[in-house]
Amino acid sequence: MGRYYRGDINGKFWFGIQTSDDAAYLGVDPEHQYEYYGCGCYVDLGEEVNDSSYCGSCYDSLSEHQQDSQEQPTWFLRELYFYFSKDDLPSLQKEQQRLEKAVGQFMEGYTITGDTEFGFGYDYTIPTEYNKTLITTQQREQIARLCLANLIAHCINEKGVCRFDADT
Ligand SMILES: [Zn+2]
């Protein structure tokens, strides 16, 4: 189990520390990808959903969809979709610098792996001398975010964009 992100970058959100929308703190709002219960179709990206939304491709009415899916509402949030471009680098770098100041001293050993074809990832573990007691929850959140920020920045620099889906 775990929540993953995949695409131009691949990895796992830090359990209990990092939320699925963590990249939104780096200057880009995600698009929401909804999926319908029952038929499993996806709602088009950018399309709004509300209590009376149903899949018009598979059902003739809301009540028909509800009868089949036994769920109300008939949809759930499946993924977040992030799209960073070069235009987003300034706000990303500003946040990187802020985080670097706060927790940069713990980043020893952080390395980026992968390539533009299969996606980038990172290797990192909190150094053992800090891991037990010295680091606060807030610092862990900041470290997790800095790891992700550095990864996204690397991807943009190498590829020009950084697109990924995030499990919710
Ligand atoms: Zn459908």
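The legends below describe close-up views of a predicted model.

Residues are numbered from 1 along each chain, in the order in which its sequence is written. Because the model is predicted, local features need pLDDT of at least 70 and side-chain atom pairs count only at pLDDT 80 or more, while totals for chains, interfaces and linings use all residues.

View 1. Helices (H or I, at least four residues) and strands (E, at least two) are DSSP runs, numbered from the N terminus. Along the sequence they follow the pattern β-β-β-α-β-α-β-β-α-α-β. Taken along the principal axes, the C-alpha atoms fill a box of roughly 60 × 35 × 25 Å. Of the 168 residues, 24% are buried. A residue is buried if 20 or more other C-beta atoms lie within 10 Å of its own, exposed if 12 or fewer, and partly exposed in between, with C-beta atoms placed from the backbone. Two residues are in contact if their C-beta atoms, placed from the backbone, lie within 7 Å. Among contacts with a separation of 6 or more, 69% come from residues 24 or more positions apart.

**View 2. Five strands form an open sheet in the order 2-1-7-4-3.** The pairing in this sheet is antiparallel. Strand 2 (11–12) and strand 3 (31–36) are at the edges with a single partner strand each, so one side of each has no neighbour in the sheet. Two strands pair if DSSP finds at least two bridges between them. In general, the strands of a sheet pair through backbone hydrogen bonds, either parallel or antiparallel.

**View 3. Strand 1 (residues 4–7) is joined to strand 2 by two bridges.** The two strands run antiparallel and form a hairpin, with three residues between them. Tyr-4 is opposite Lys-12 of strand 2. Strand 1 also pairs with strand 7, in the antiparallel sense and over three bridges. Here Gly-7 has Phe-164 of strand 7 as its bridge partner.

**View 4. Strand 3 pairs with strand 4 (residues 75–85) over six bridges.** This pairing is antiparallel. Helix 4 (residues 137–159) lies across strand 4 and strand 7 (161–167), and runs at about 140 degrees to strand 7. Axes are lines fitted to C-alpha atoms, for helices over the stretch in contact, and angles run from 0 to 180 degrees between N-to-C directions.

**View 5. Helix 2 (residues 89–103) has a buried side and an exposed face.** From its first C-alpha to its last, this helix of 15 residues reaches 20 Å, close to the 21 Å expected at 1.5 Å a residue. The expected span is 1.5 Å times one less than the number of residues. Leu-92, Leu-99 and Val-103 are buried in helix 2. They cover an arc of only 30 degrees around the axis, so they are on the same side of helix 2. The arc is that of the directions from the helix axis to the C-beta atoms. On the face turned away from the buried side are the exposed residues Pro-90, Lys-94, Gln-97 and Lys-101.

**View 6. Helix 2 and helix 4 pack at an angle of about 140 degrees.** Their axes are 9 Å apart, and the crossing is left-handed. A crossing is left-handed if the near helix is turned anticlockwise from the far one by less than a right angle, and right-handed if clockwise. Residues making the contact include Leu-89, Gln-93 and Gln-96 of helix 2 and Gln-142, Leu-146 and Ala-153 of helix 4. Helix 4 is included in what covers the buried residues of helix 2.

**View 7. The loop between helix 1 (62–69) and strand 4 contains Pro-73.** The peptide bond from Gln-72 to Pro-73 is cis, with omega near -5 degrees. Gln-70 is found in this loop as well, with phi near 60 degrees, a positive value in a residue other than glycine. Gln-70 counts as exposed because it has 9 C-beta neighbours inside 10 Å.

**View 8. Gln-18 is in the loop between strand 2 and strand 3.** It counts as partly exposed, with 19 C-beta neighbours inside 10 Å. Leaving aside neighbours within four places in sequence, Gln-18 is in contact with Phe-13, Glu-141 and Ala-144. Gln-18 and Pro-73 are 55 residues apart in sequence, and their C-alpha atoms are 27 Å apart.
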